[in-house]
Amino acid sequence: MKAVIPRRKNTKQPNPEFDSYLYKLRHLVENMFARLKHFRSIATGYEKLARNFKSMLYLACTIIHCKLN
């Protein structure tokens, strides 16, 4: 696994292995996790059964998707 984080603007070394497309995808995934943490039951892990947690996760993702569209 390679890091896809860009170097700082003031660095003198080039960053040839940086992939901007992968960085954009990584940013989207991190934003989704940040939005999911707003749901208290998911962030704190209230649901003890895996099926209940999965259903809450699907519900939260549906709500986030509906808000974005």
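Colleague: Which residues does UniProt list for "domain: Transposase IS4-like"?

Modeller: In an unreviewed entry, UniProt lists residues 10-63 under that name; the positions follow the numbering used here, the feature name is shortened, and such annotations may be inferred rather than shown by experiment. Please keep in mind that this is a predicted model, in which local features need pLDDT of at least 70 and side-chain atom pairs count only at pLDDT 80 or more, while totals for chains, interfaces and linings use all residues. Residues are numbered from 1 along each chain as its sequence is written, and side-chain values use heavy atoms, with hydrogens and water left out.

Colleague: How much of residues 10-63 is helix, and how much is strand?

Modeller: Helices (H or I, at least four residues) and strands (E, at least two) are DSSP runs, numbered from the N terminus. The span of residues 10-63 is 67% helix and 0% strand, and its end C-alpha atoms lie 41 Å apart.

Colleague: How should I read the way in which two helices pack?

Modeller: Two packed helices are described by the angle between their axes and the distance between the axes. Axes are lines fitted to C-alpha atoms, for helices over the stretch in contact, and angles run from 0 to 180 degrees between N-to-C directions. Here the axes of helix H1 (residues 20-36) and helix H3 (residues 50-68) come within 10 Å and cross at roughly 110°. H1 and H3 are therefore roughly perpendicular to each other, a term for angles of 65 to 115 degrees.

Colleague: Which residues make the contact between H1 and H3?

Modeller: Contact means heavy atoms within 4.5 Å. On H1 the contact is made by Met32, Arg35 and Leu36, and on H3 by Leu57, Ala60, Cys61, Ile64 and Leu68.

Colleague: Is Ser41 buried or exposed?

Modeller: Buried means under 20% relative accessible area, exposed over 50%, and partly exposed in between (1.4 Å probe, protein chains only). Ser41, whose place is in helix H2 (residues 40-44), counts as buried because its relative accessibility is 15%. Leaving aside neighbours within four places in sequence, Ser41 is in contact with Tyr46, Glu47 and Met56.

Colleague: Why does Val29 count as partly exposed?

Modeller: Val29 is found in helix H1, and it counts as partly exposed because its relative accessibility is 47%. In helix H3 we find Thr62, which is partly exposed at 45% relative accessibility, and also Ser55, which is partly exposed with a relative accessible area of 39%.

Colleague: How far apart are Ser55 and Leu25 in sequence and in space?

Modeller: Ser55 and Leu25 are 30 residues apart in sequence and 25 Å apart in space, taken from C-alpha to C-alpha.

Technical notes: Parallel < 35°, antiparallel > 145°, perpendicular 65-115°, else oblique.
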